[in-house]
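Please examine the predicted model shown below, with attention to its charged side chains and to the packing of its helices.

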Amino acid sequence: MGSVPFDCHQRWEIRMATARHSVIVLGGGIAGCAAAVQSARLGLDTLVIERYGFPGGMATAGLVNPFMSHTTSKGTALVGGIFTEICQALASVDGLLGNTFDSEAMKLALQNTVIGSGAKLRLHTNFVDARVCSNNRIRVRTFSKSGFEEFECDRLIDAS
């Protein structure tokens, strides 16, 4: 087999796609997922940009466990809402043991909760920069296996 000539000075084409969303959330950790779920449930077109191949941030990628105390000494809940939904999703797959959780079950619970809300989840995607455009929309630039891409939004939530 012959070798294919390779030009070291060849310029690579950068793929730039611009998609528009109402809200973009940077970071798919627990806080970013909660923000995205609420945004999508309010009827806004929401995109989560996450650098890892799964949601959960340090709870899943960094194995930060357990949940900190979320009840009073008398058992009264201090936190509710989406956190309670995530705990219920974990419990349904035997992924919750008291305040500790199975990180693989957490990945699944968060992914199902985010997608179930109607938000879009973009994994393996790194945030590069953001700037305000002349039309007052925010342009977010990312890098992934697809190359450089740009997304526009009205609101940007930094949960990275």
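R131 has a relative accessible area of 40%, and is therefore partly exposed, because that class lies between the limits of under 20% for buried and over 50% for exposed. The side chain of R131 forms a salt bridge with D129, in which the closest N and O atoms are 3.9 Å apart. This separation qualifies because the criterion is a side-chain nitrogen of Lys or Arg within 4 Å of a carboxyl oxygen of Asp or Glu. D129 itself, at 29% relative accessibility, also counts as partly exposed.

A further salt bridge brings together the side chains of R139 and E150, with an N to O distance of 3.4 Å. This pair connects distant parts of the chain: R139 belongs to strand β7 (residues 138-144) and E150 to strand β8 (residues 147-158), the two being eleven residues apart. E150 has a relative accessibility of 7% and therefore counts as buried. Through shared partners, salt bridges join R20, D129, R131, R137, R139, E150, E152 and D154 into one network.

The structure as a whole holds eleven salt bridges. One of them is formed by D45 and K120, whose closest N and O atoms lie 2.6 Å apart. Here too the pair links distant parts of the chain, since D45 is in the loop between α1 (30-41) and β2 (46-49), whereas K120 is in strand β5 (residues 120-122), 75 residues apart.

Attention may now turn to the helices. The axes of helix α2 (residues 82-92) and helix α3 (residues 103-117) come within 9 Å and cross at roughly 125°. The two helices are therefore oblique to each other, because an angle counts as roughly perpendicular from 65 to 115 degrees and as roughly antiparallel over 145. Their crossing is right-handed. On the α2 side, the contact is made by E85, I86, A89 and L90, and on the α3 side by A105, M106, A109, L110 and T113. Sorted by class, this contact of α2 with α3 has seven nonpolar residues, one polar residue and one charged residue.

Conventions. Residues numbered from 1 in each chain as written. Predicted model: local features only at pLDDT ≥ 70, side-chain atom pairs only at ≥ 80, totals over all residues. Heavy atoms only, no water. Axes fitted to C-alpha atoms, helices over the stretch in contact; angles between N-to-C directions. Helix = DSSP H or I, 4+ residues; strand = E, 2+ residues; numbered from the N terminus. Parallel < 35°, antiparallel > 145°, perpendicular 65-115°, else oblique. Left-handed = near helix turned anticlockwise from the far one by under 90°. Contact = heavy atoms within 4.5 Å. Nonpolar A, V, L, I, M, F, W, Y, C, P; charged D, E, K, R; others polar. Buried < 20%, exposed > 50% of the residue type's maximum accessible area, 1.4 Å probe, protein only.
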